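Work through the exercises below with the sequence and the model open. Try each task before reading its solution.

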Amino acid sequence: MHVDNLPAPPGTERDRAARPPVVTARGVTKAYGRTRALAGVDLQVRAGEVLGLVGHNGAGKSTLMRVLAGLESCDAGAVLVHGEEAPAGSAAAFGTVRMAYQETSLCPDLTVAENMWISSRHCLPRLGWRRAASTSVRRRLDEVFPGHGVTPRDRVEDLSLAQRQMVEIVRACLVDRLDLLILDEPTESLGPDAARTLYAYVRRLAEAGTAVLLISHRIREVLSAADRVVVLRDGAVTADRAAAGMTEPDVLTLMGAHVAVPSERTGTAHAATGDGTGARVVAELRDARGGGLHGVSLRIAAGEVVGLAGLAGQGQQEVLERLWRPARRDTEVSVTRAYVPGDRQRSGLLPLWNVGDNLVVTAMRGIARRGLRRIADERDVVRHWVERLAVKGGADAGITELSGGNQQKVVVARAFASTAGLVLLDDPFRGVDVHTKTELYRLIREEAAKGRSIVWYSSENAEMAHCDRVHVFRAGRTVAELAGEEISEERIIAVSFAESDEPDVPKEPGESGAPDRAAHGRTHG
Amino acid sequence: MAELLAPTLPGRARMRHSAPAAVSALALIAMIGVCSTLQPGVLSVQGLTLVLSATVPLVIAAQAQMTLMAVGDIDLGIGAFVGLVTVVTATKLSSSPLVGGLVLLGLVAAYALLGLLIHLRRVPSLIATLGASFVWLGLGLFLLPTPGGSTPEWLAAFGAWQPAGFPAPLLPILLVTALVHLLASRGSAGVRMRALGSNPVALGRAGLRPLTSRVIAYATAGGLGVVSGLALASQTGGGDVSSASSYTLMTVAAVILGGGSFSGGVAVPWGAAVGGVTLGLVSVVLSLLDVRSDLQSAVQGGIVLAVLAGRVLVGKVLR
């Protein structure tokens, strides 16, 4: 949105197509466990072109970049650098391919100059490298981001987010020969001026013959900066077009023409909350601000399944955090809560305990009498849930012996076995097989029908079809609220990418959260 | 806006990073002040020599601890290791210098090997170094079951060296700290070590092997441990495997007092030196103040906590 005033890319398509390819991906596939991240990608990045890569959550963008940068090997297919097959991790083959990471790959405790040594030490003298690194980083920063305010002696942790991003981009550019520069969401934390000067620099690089691969969810920026746009969906390239003449809606259509999974919504649960009348409100956020949120209002009624959607990291997890620990005055929760973490290995499982103990640990307090456990009752609860969800291995199996899907069943059952009135799901079904997912979706609907409320963050938009209402987040705000039939993958993709022209329009308080008006699914801003 | 803030921001940030060492230094000056009012002789060259000499091995051991804490590890075996070095010095090194020297080199290699194992087997350094401490202890008891032995003459001569004009203990303290500063703060090896403690992912992406960084750090720590043991032996004149057992936690406290952190990423050689001297001086002050010896440990702990609280407070003010 910041760079609409860039000059149109010079050069015609024909002479660009004639240039030699720098990096070529040929039938690249890559799977992580059961999740297939890339399903046969063919892609060519030619010298002197700016290639835009777009796609939604989980489309495989980051995996593809890592493969193209030689950080990860592919399962099948090949990556060619200058026409020669390059094995992953080979510094010789990928030495001229550099990548600026979205989350930055800087060491926060080190100074800017020291960080340059880490990544560009081949181009620095052995003695006096500190001075050489300082001069070159200062010169490059001045060139790309005038007025950056960074000195080479600053520690990275003392810099602002935007300054870190600048240093990261310059770090990737500092090399004696640069053939391909990969930019991953480079403007995410940059201001409009810095974004404009960055894209001007990108054009200069391309004119000098460097290929630039630009990944961004700011479609307009991609369209104005890139010569060619490639759309990635479900791990495959679905479109490869010249950027000239394309519009934002065109790209969105290419990204999201996807059939939503039929909903298993039960009529009763939906009817109970569809218009919000009569249902008791169990939790409410009133214009919540701070900690990554910029005015979020939402209301959750008893027996309702509310989805939090949008691109990853736009404030959804912060909302779950608020509901889990309602410490501030803008958050009100009147029932007990249970939390299902997404990262079961790190924050979900108690690896030394068996299935039964893992399952009942949250419910234990409710079952116990005066602080003493009641083993027989606990066992009944465990048996009920193990049978209901068909956990393989039974209650006495070690939790680590189970497959990922069954482990996830136990983690989900733990929350529902408790008496909690509000269950918070933090993207819990990533990497879980389809069969288990279907069972757990059904469980969620059944429990909602019994009057429990569920708030569900998911990075998979198809899952949102199981919700009564969906809030789509962007930059810590709700940009849309969808309900009922409006919930579809295309719709969610469209609103999560749509860029508001007036980013700071003050909203009427309580507007987006009011259930009586919620059924209309408007786009705010 | 950015241009306006630029000159002021880094100054404040840099102040924040050196604040802990500054707080410790203030505590150090205050303690020397207290000492000199109670015992005016302290401020003479001889007095300072007397007061500082006990802190030399502690400061060098603190540099070893600081090196490992810079990569995000912690060494719970440094006390026993320094003790073992004194034993080797008092037995092998005095009987046959060549064998003794080789044994000491072998100990440094053992430290490097320990780092290698910690990295490859992904054992927490806490556990591995604690396990190693029992090995050092056992080896020391095997070589010299009861404290004794005698240090080589050249080492004893160094311990007794009293130059005119400046306190002798200052020389090893400044020399070792300056060396560690060159290695850990200025040199590229130091950048690699601190990068490992700060963001190992970035290190790997840049094509640098974290294993090498860790092994360098452990070898350095082992070398410094040997120097610390030699310094201790030069003062005690003999070997005792448990003579430095209190160093393990004192060195951690010294690094923290000097501005280091448990999570790694920062190297504070000068801070660790100040912290080590401060800790060493506490007991001197307490004996000059006639604090009962059975209470000394408690008071010592209280002073350390007070300095740490001061560090936290200054950090908050500067944020």
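**Exercise 1: Confidence**

Chain B has an average pLDDT of 89, and 96% of its residues score at least 70; pLDDT is the predictor's confidence in each residue, from 0 to 100. This is a predicted model, in which local features need pLDDT of at least 70, side-chain atom pairs count only at pLDDT 80 or more, and totals for chains, interfaces and linings use all residues. Residues are numbered from 1 along each chain as its sequence is written, while chains are lettered from A and ligands numbered from 1 in the order in which they are written.

Task: state which elements of chain B have the lowest and the highest mean pLDDT, then do this for chain A.

Solution. Helices (H or I, at least four residues) and strands (E, at least two) are DSSP runs, numbered from the N terminus. Over residues 1–8 of chain B the pLDDT is below 50, and this stretch has seven contacts beyond near neighbours in sequence. Two residues are in contact if their C-beta atoms, placed from the backbone, lie within 7 Å.

Step 1: chain A averages 81, with 86% of the residues scoring at least 70. Its helix H18 (residues 515–518) has the lowest mean pLDDT, 38, and its helix H4 (residues 129–144) the highest, 94. The pLDDT is below 50 over residues 1–14 of chain A, a stretch with 21 contacts beyond near neighbours in sequence. It is also below 50 over residues 501–525 of chain A, where there are 48 such contacts.

Step 2: for the model, ipTM is 0.88 and pTM is 0.75.

**Exercise 2: A sheet in chain A**

Task: give the strand order of the six-stranded open sheet in chain A and name its edge strands.

Solution. Step 1: the order is E15-E16-E17-E13-E18-E19, with mixed pairing. Two strands pair if DSSP finds at least two bridges between them.

Step 1: strand E15 (337–340) and strand E19 (477–483) of chain A each pair on one side only, which makes them the edges. The twist averages 20° from one strand to the next.

Step 2: strand E13 (residues 305–310) of chain A pairs with strand E18 (residues 469–474) of chain A in the parallel sense, over five bridges. A:Ala309 has A:Val472 in E18(A) as its bridge partner.

Step 3: helix H10 (residues 316–324) of chain A lies across E13, E15, strand E16 (422–426), strand E17 (453–457) and E18 of chain A, and runs at about 150° to E16(A). Axes are lines fitted to C-alpha atoms, for helices over the stretch in contact, and angles run from 0 to 180 degrees between N-to-C directions.

**Exercise 3: Two helices in chain B**

Task: classify the packing of H9(B) and H14(B) as roughly parallel or roughly antiparallel.

Solution. Step 1: helix H9 (residues 170–186) and helix H14 (residues 269–288) of chain B pack at about 150°, with their axes 8 Å apart.

Step 1: angles under 35 degrees count as roughly parallel, over 145 as roughly antiparallel, 65 to 115 as roughly perpendicular and the rest as oblique. H9(B) and H14(B) are therefore roughly antiparallel.

Step 2: the contact residues include B:Ile173 and B:His181 of H9(B) and B:Trp270 of H14(B).
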